[in-house]
Amino acid sequence: MMGPGWYLRRLSRMGPAEVVGRARHAVVQRQWRSALPSAPDWPAHPEFTASLPSGALGKVSGEAVSRLLATADELMAGRAEYFGVERSDFEAPDWFLDPKTGRRAPSHVYAFDVPYRSEDTVGDIKQIWEPSRHQHLTVLAAAYALTGSPAYASRVAAHLRSWWAENPPLQGPHWVSGIELGIRLLSWVWVRRLLDGWDGVTALFEDNPDFQLQLWHHQNWLATLRSHGSSANNHVIAEDAGLLAAACAFGWFPESAGWRTSAMRSLDVQLRRNTFASGLNAELASEYHGLVLELGLAAAVEADAAGTPVPESTWDVLGRMTDALASIVDNRLRPPRQGDADDGFGLVVDGSETDRWASLLASGEVLFGRMDWWPPIPGDDVRTALLAALASRTPRPSGVRPNRRPAHLRDAGMTILRSGPVWVRCDGGPHGFLSIAAHAHADALSLEVRHDGVDVLADPGTFCYHGEPQWRSYFRSTLGHNTLELAGRDQSVSGGPFLWTRHAVTKVLEVHTPQDGPSRWSAAHDGYAPAVHRRTVELDGDALKIIDEVLGEDQPAAARLTFHFGPAVTVVLDGTTARLRWPAEPGPATTGGEGRSGSPAAGVGGFGSVAGGDGRSGSLAADGGRAAGSVALRGGGERGGATGVDDPLVGRVSGSLPGAGGAVRTAVMELPPGLSWTVHRGETDPPLGWYSAGFGRKEPSTTLVGSGTPGHLTTLLRFS
């Protein structure tokens, strides 16, 4: 639970209007405690008219259907995985159980009394909330729609009836957070649509008083307690998207027309506020860009299909977001790993092996048209075919679209340097979004470097939100990123797990990104004022140079320069030279391995269990996977292999050396000699040397730390 100090810090980040709004919400919550709001009478014969057009399902590719059915059949067998925890109870799930801790959240407590941040009381709330987004049910409903097999539909009905019975309005943990209600409503819209033709569908929805009660209370909650102020981030997008979609598809209440109007207006405003002019999501958290784009597309298409006018500005934002995504992905369609990531999805109708980012770009291609500079997109997902069939017109962004691939998104401070298979993300943007920057990390001037889609210098990820404060602090710390830490502290000041009280200010000083030839980027931040950290990055062919300088008269005496490697990379450190090697990514560079979508973040049948950011399981430590340290190897045995170097590898080895079974890629890193370099892998006290491929999952990876006095530090990374 949060203490008084946290509440004071949180209050300090609010403006007067937000304080007044939160006071009003508190009054409403007190009123609802004593008197549950009453739903209006259900219409005598409601009719569902938001069906898919005839022939829409026939446009789904056979490959997409096969992937979907593989996931659906795992669910039918009762198997699912959420955030790295496998479940075998999904024939009849316990909606309040956290399988990770074994704790069960209180189910008959007034919703706003549930201490959902306390893992000791309720368990890991993400493990409890995620199944109740009902995105596994949209997968099963899609399986019914594409096969006609009633077993899928019957399982969906059993889960919905169970959930509605066990979660009466405003009781228990599933009525606490608006984002959960919004995504759940969107799922219900698509479940009803995809079950069209099943003989039990009207009894489950239109003729069901339990559904009537749930539907009205979900929408009334969202219309009354909409997120605002410093919390108006991806949460308000999900709330508006769910309210809009439900009011369009189930427009059977006296309030429905008003809900449609207000939700559409708010969604339009909030999408513009949450998106830079360049098209990147303003939270500067890559996975939330995907979540907001999925939610926005689903809601806008729903409104368009229902005849509700969608502002041109809404389509324009969604088009810019799609172009921005196309501009920043690497050659395997993986976006950056910047900021927080919790594996959240907006709409799931695909199998778990469908690539999330390829699917989003495919939808954008159908709705907005592709630009000549876009990467090739495999168009074989379920969602794109269904969204395209629902849209009554083909929207076009009203603004001017870039005629070449943007390398520098100025307002977001993101710069992508490219040279053949080498992809480099440079971070020179704002710390985060709004006054609390909830999903930001202290990562100013950090880098990500990939070779043919494989993480070489990696952003370690997120791993957790609640319940494990030491790990939450590490994964969003300055030390946990590829940048320079001074005086043993973060660049920005944290006030809690989703709160920053001081934001480092970063300024991009120079960007040179020609279509051919060397590229250069330079930026600085004031997080250690009066000292200034300035970093310059130059990419010339297969050589990457990183120059770090600390400027100013009052410089901290201690500095730590960190480089975090992807889990597939083996690091051999010999003095100030690090030799790197990793298995080559198989197949052509057209699709990504991380970020698989379809089933919710909880993958089903192995979905979500990908360990490495390059789409494969990460390598074990050389000592057999023990949790810490590195192994000293001296003398012969391992040789340079693909590097063409005849000298044996000597020094400290971190990670397992790739075998001879496949192609190997190599690189050499020359580290600043003025620092003392140490190898870290899988350490826990304190945490250091970890990689999180997805929420709730972490594995050891190698981190090099150079300690010493700040000055002019030059690092050279050369790919063989």
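This is a guided tour of a predicted model, stop by stop, for use with a viewer. Residues are numbered from 1 along each chain as its sequence is written. Because the model is predicted, local features need pLDDT of at least 70 and side-chain atom pairs count only at pLDDT 80 or more, while totals for chains, interfaces and linings use all residues; side-chain values use heavy atoms, with hydrogens and water left out.

**Whole chain**

Start with everything shown as a cartoon. The protein has 17 helices and 29 strands; these are DSSP runs, helices being H or I of at least four residues and strands E of at least two, numbered from the N terminus. Of the 720 residues, 60% are buried. Here buried means under 20% relative accessible area, exposed over 50%, and partly exposed in between, with a 1.4 Å probe and protein chains only. The accessible surface comes to about 24,600 Å², and carbon and sulfur atoms hold 52% of that. Such areas come from the Shrake-Rupley method with a 1.4 Å probe, and for residues only the protein chains shown count as cover. Among contacts (heavy atoms within 4.5 Å) with a separation of 6 or more, residues 24 or more positions apart account for 75%.

Select residues 312-328, which form helix H14. H14 has 17 residues and reaches 25 Å from its first C-alpha to its last, close to the 24 Å expected at 1.5 Å a residue; the expected span is 1.5 Å times one less than the number of residues. Of its 17 residues, 14 are buried, so H14 is largely enclosed by the rest of the structure.

Within H14, pick Trp315. Trp315 has a relative accessible area of 0% and is buried. Leaving aside neighbours within four places in sequence, Trp315 is in contact with Ala300, Val301, Asp304, Val310, Phe368, Arg393 and Pro395.

Move on to Leu333, in the loop between H14 and S3. Its phi is near 65°, a positive value in a residue other than glycine. Most residues other than glycine have a negative phi, and most peptide bonds are trans. At 1% relative accessibility, Leu333 counts as buried.

Now show Asp343 and Arg697. They form a salt bridge, with the closest N and O atoms 3.4 Å apart; a salt bridge is a side-chain nitrogen of Lys or Arg within 4 Å of a carboxyl oxygen of Asp or Glu. Arg697 lies in strand S27 (697-700) and Asp343 in the loop between H14 and strand S3 (354-355), so the pair ties together parts that are 354 residues apart in sequence. Both residues are buried.

**Strands S6 and S7**

A search of the whole structure finds 39 salt bridges. Another of them joins Glu448 and Arg425, whose closest N and O atoms are 2.7 Å apart. Glu448 lies in strand S7 (447-451) and Arg425 in strand S6 (422-427), so this pair ties together parts that are 23 residues apart in sequence. Glu448 and Arg425 are both buried.

In the loop between S6 and S7, find Leu434. Leu434 has a positive phi, near 60°. Leu434 is partly exposed, with a relative accessible area of 32%.

**Nonpolar cores**

Select Trp190 and Leu195, the residues with the most contacts inside the largest nonpolar core, which has 132 residues. A nonpolar core is a set of buried Ala, Val, Leu, Ile, Met, Phe, Trp, Tyr and Cys residues joined through side-chain atoms within 4.5 Å. Beyond its neighbours within four places in sequence, Trp190 is in contact with Leu52, Thr138, Glu302, Leu347, Val349, Leu386, Leu387 and Leu390. Apart from this core lies another, of 42 residues, including Val449, Ala559, Ala578 and Val679.

**Two cis peptide bonds**

Go to Ala529 and Pro530, where the peptide bond is cis with omega near 10°. Pro530 lies in the loop between strand S13 (519-525) and strand S14 (532-540). End at Asp685 and Pro686, joined by a cis peptide bond with omega about 0°. Pro686 lies in the loop between strand S24 (683-684) and strand S25 (687-688).
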